[in-house]
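These are my notebook entries on a structure I was asked to look through. I kept to questions of domains, contacts, helix packing and backbone geometry.

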Amino acid sequence: MKKKVLTTPIKNEDLQDIKTGEIIYLSGTLVTCRDVAHRRLIEENIPLPVDLQGMAIFHAGPIVKDHGNEDYEIISIGPTTSMRMEKFEKEFIEKTGVKLIIGKGGMGENTEEGCREHKAMHVVFPAGNAVLAATKVERIKEVHWKDLGMPESLWVCEVKEFGPLIVSIDAEGNNVFEENKVEFNKRKEEQFERISKQVRFIK
Amino acid sequence: MSKVQNVEKMTNLMSKFISLVSYKLPKDVEKRLKELSEEETNPLAKVIYETMESNQELAYDLKRPSCQDTGVLQFMIKCGEDFPLIGQLEKILRNSVYKSTQETPLRHNSVETFDEYNTGKNIGNGTPSIFWEIEENSDEVEIYTYMAGGGCTLPGMATVLMPGEGYEGVVKFVLDRMTTYGLNACPPLLVGVGVGTSVETAAMNSKKALMRPVDSVNENENAAKLEVLLEDGINEIGLGPQGLKGSKSLMGVNVVNTARHPSTIGVAINTGCWSHRRGKITFDRNLNFEIGTHVGVAL
């Protein structure tokens with residue numbers, strides 16, 4: 001099967017045939033953006049120093065080697081729990097025009113709405129695979145908000161066929177994690193019934 | 001060698017050991033991941049296992065931390081009363097974390113609370129955390145080094161149940177945590193369950209549980225039974241790698257238990273992600289060392 005590669009700037013029509021559960025790759029500009037960056041834009045109303053229209057963000061805090069003279073190298077980079085950004089993401093998509101959000105685990109209703117209304121997607125990079133991810137980063141183009149420290153700075157990366165990225169929320173707002181959750185909770189109740197009968201050690 | 005020289009030697013060795021733990025998984029985890037990958041039938045889950053395998057190979061070849069989140073370092077030490085550097089050990093471990101952070105490099109993961117700034121050194125007030133046990137008639141020290149990222153630290157929780165809730169309450173507590181936080185903690189997980197009298201005894205037990213090999217079995221028959229029941233039960237829920245469904249969701253469940261107050265059951269859960277970076281190193285009084293958790297490695 002041919003690799004499905006999205007290239008920035010991403011347009012709405014690039015996303016229309018991609019469904020949840022599909023695997024895609026990204027080439028172009030990817031900016032790390034996590035807790036405090038979201039908080040600054042949404043709650044503190046501080047404008048982002050990077051234009052994200054049609055771009056991709058990565059919920060990630062990398063390990064970066066500083067070679068001096070603004071020359072940096074990504075050593076390890078991987079996704080962090082996306083759910084922490086849930087309360088900000090809808091507004092974030094609206095304000096920035098970002099098209100692809102890369103992270104770990106699911107996101108909720110707020111992000112679903114943002115993806116549906118403004119045509120964006122949330123995708124999962126298999127977490128813990130930070131060296132593989134680092135080898136897909138061609139170079140660091142810029143860094144902003146270094147006052148936040150290494151993990152929270154905005155690292156503007158140029159990536160080539162970055163992935164595999166598993167679509168968790170598509171541009172229609174379908175959400176694979178929310179769908180799975182219903183099934184998981186049902187099975188959990190069944191398992192509780194089964195196990196609890198066998199652990200009556202206090203008699 | 002003088003004491004000063006020995007302190008320097010041990011700091012260097014520990015710095016290298018921390019580095020090793022960041023780029024290579026212990027043998028029990030490597031073995032279990034291989035088994036899980038071979039057994040997996042879900043195509044998406046298989047892609048994830050393949051990604052994991054190539055990442056670990058790259059990390060080892062390039063000597064880079066396999067996961068970017070290298071955690072706040074934790075050490076669980078069992079120190080002989082006659083180990084010559086017993087008084088210097090905390091300083092040695094702290095300095096070795098700083099050194100390894102520069103050299104490996106590791107991520108800067110120490111944020112001072114309330115003042116809310118990243119120290120930029122990966123050490124801070126109370127970090128790395130060091131937990132002690134002292135052993136009589138011994139001149140050795142055994143050090144477990146553990147690197148847990150934020151993702152698998154988040155599901156951690158402790159509570160105190162009433163005896164009326166029984167071990168059924170323990171089961172409910174663990175299962176509930178799996179479907180809410182567990183799926184984001186990078187399954188296949190190692191689940192540590194601590195049972196004791198209060199929150200801190202249970203929590204400590206749950207962390208000790210993560211130091212045990214993934215295929216180890218509790219010596220108590222009932223506790224061992226609970227390990228199997230929970231493991232099968234959580235696998236049946238079907239979270240799969242990355243919580244995107246799959247045949248198995250766990251590397252294992254380890255229970256560590258201590259006695260309890262008649263009126264309470266303290267219970268805690270700690271989870272280790274698939275990238276369970278735990279290493280054990282033992283030094284004798286002359287700083288000859290042995291690595292118990294990793295095969296085919298040198299410092």
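**Entry 1. Domains of chain B**

Which domains does the domain assignment of chain B give? I found domain 1, covering 1-149 + 276-299, and domain 2, covering 150-272.

I recorded at the outset that this is a predicted model. For the model I noted an ipTM of 0.92 and a pTM of 0.93. Chain B has an average pLDDT of 97, and 100% of its residues score at least 70.

I then looked up how the two domains of chain B stand to each other. Their C-alpha centres are 23 Å apart. The contact between them involves 19 residues of domain 1 of chain B and 20 residues of domain 2 of chain B. On the domain 1 side, helix 2 (27-39) and helix 3 (43-62) of chain B each supply at least two residues. Helix 2 of chain B gives the most to that side, with five residues. By class, I listed the domain 1 side as nine nonpolar, four polar and six charged residues.

**Entry 2. Contact between the chains**

How many residues of chain B are in contact with chain A? I noted 50 residues of chain B, which meet 45 residues of chain A.

I next asked which helices of chain B each supply at least two residues of the side that touches chain A. They are helix 3, helix 5 (150-153), helix 6 (166-180) and helix 8 (221-237) of chain B. Helix 3 of chain B gives the most to this side, with ten residues. The side of chain B that touches chain A divides into 25 nonpolar, 19 polar and six charged residues.

**Entry 3. A helix pair across the chains**

I looked up helix 6 (residues 176-196) of chain A against helix 8 of chain B. Their axes come within 8 Å and cross at roughly 155°. Angles over 145 degrees count as roughly antiparallel, so helix 6 of chain A is roughly antiparallel to helix 8 of chain B. The crossing is right-handed.

From helix 6 of chain A, the contact takes Phe184(A), Arg187(A), Lys188(A), Gln191(A), Arg194(A) and Ile195(A). From helix 8 of chain B, it takes Leu229(B), Gly233(B), Glu236(B) and Ile237(B). I classed the residues of this contact as four nonpolar, two polar and four charged.

**Entry 4. Helix packing within chain A**

At what angle do helix 3 (residues 86-96) and helix 4 (residues 109-118) of chain A cross? The angle is roughly 15°, and the axes come within 7 Å. Angles under 35 degrees count as roughly parallel, so helix 3 of chain A is roughly parallel to helix 4 of chain A. The crossing is left-handed. Helix 3 of chain A contributes Glu86(A), Lys87(A), Glu89(A), Lys90(A), Ile93(A) and Glu94(A). Helix 4 of chain A contributes Asn110(A), Thr111(A), Glu113(A), Gly114(A) and His118(A). This contact holds one nonpolar, four polar and six charged residues.

Helix 3 of chain A also packs with helix 2 (residues 35-42) of chain A, at an angle of about 65° and with the axes 10 Å apart. I therefore noted helix 2 of chain A as roughly perpendicular to helix 3 of chain A. Helix 2 of chain A passes helix 3 of chain A in a left-handed crossing. Here His38(A), Arg39(A), Leu41(A) and Ile42(A) of helix 2 meet Phe88(A), Glu91(A), Phe92(A) and Lys95(A) of helix 3. The class division is four nonpolar, one polar and three charged.

**Entry 5. Backbone geometry**

Most residues other than glycine have a negative phi, and most peptide bonds are trans. I looked for departures from this.

The peptide bond from Thr8(A) to Pro9(A) is cis, with omega near -5°. I placed Pro9(A) in the loop between strand 1 (5-7) and helix 1 (12-15) of chain A.

In chain B, Thr104(B) and Pro105(B) are joined by a cis peptide bond, with omega about -10°. Pro105(B) is in the loop between helix 4 (89-103) and strand 2 (111-112) of chain B.

Where is Lys63(B) found? It lies in the loop between helix 3 and strand 1 (74-80) of chain B. Lys63(B) is not a glycine, yet I noted for it a positive phi of about 50°.

Key
Residues numbered from 1 in each chain as written. Chains lettered and ligands numbered in written order. Predicted model: local features only at pLDDT ≥ 70, side-chain atom pairs only at ≥ 80, totals over all residues. Axes fitted to C-alpha atoms, helices over the stretch in contact; angles between N-to-C directions. Helix = DSSP H or I, 4+ residues; strand = E, 2+ residues; numbered from the N terminus. Parallel < 35°, antiparallel > 145°, perpendicular 65-115°, else oblique. Left-handed = near helix turned anticlockwise from the far one by under 90°. Contact = placed C-beta atoms within 7 Å. Nonpolar A, V, L, I, M, F, W, Y, C, P; charged D, E, K, R; others polar. pLDDT = per-residue confidence, 0-100. Domains from an automatic or database assignment.
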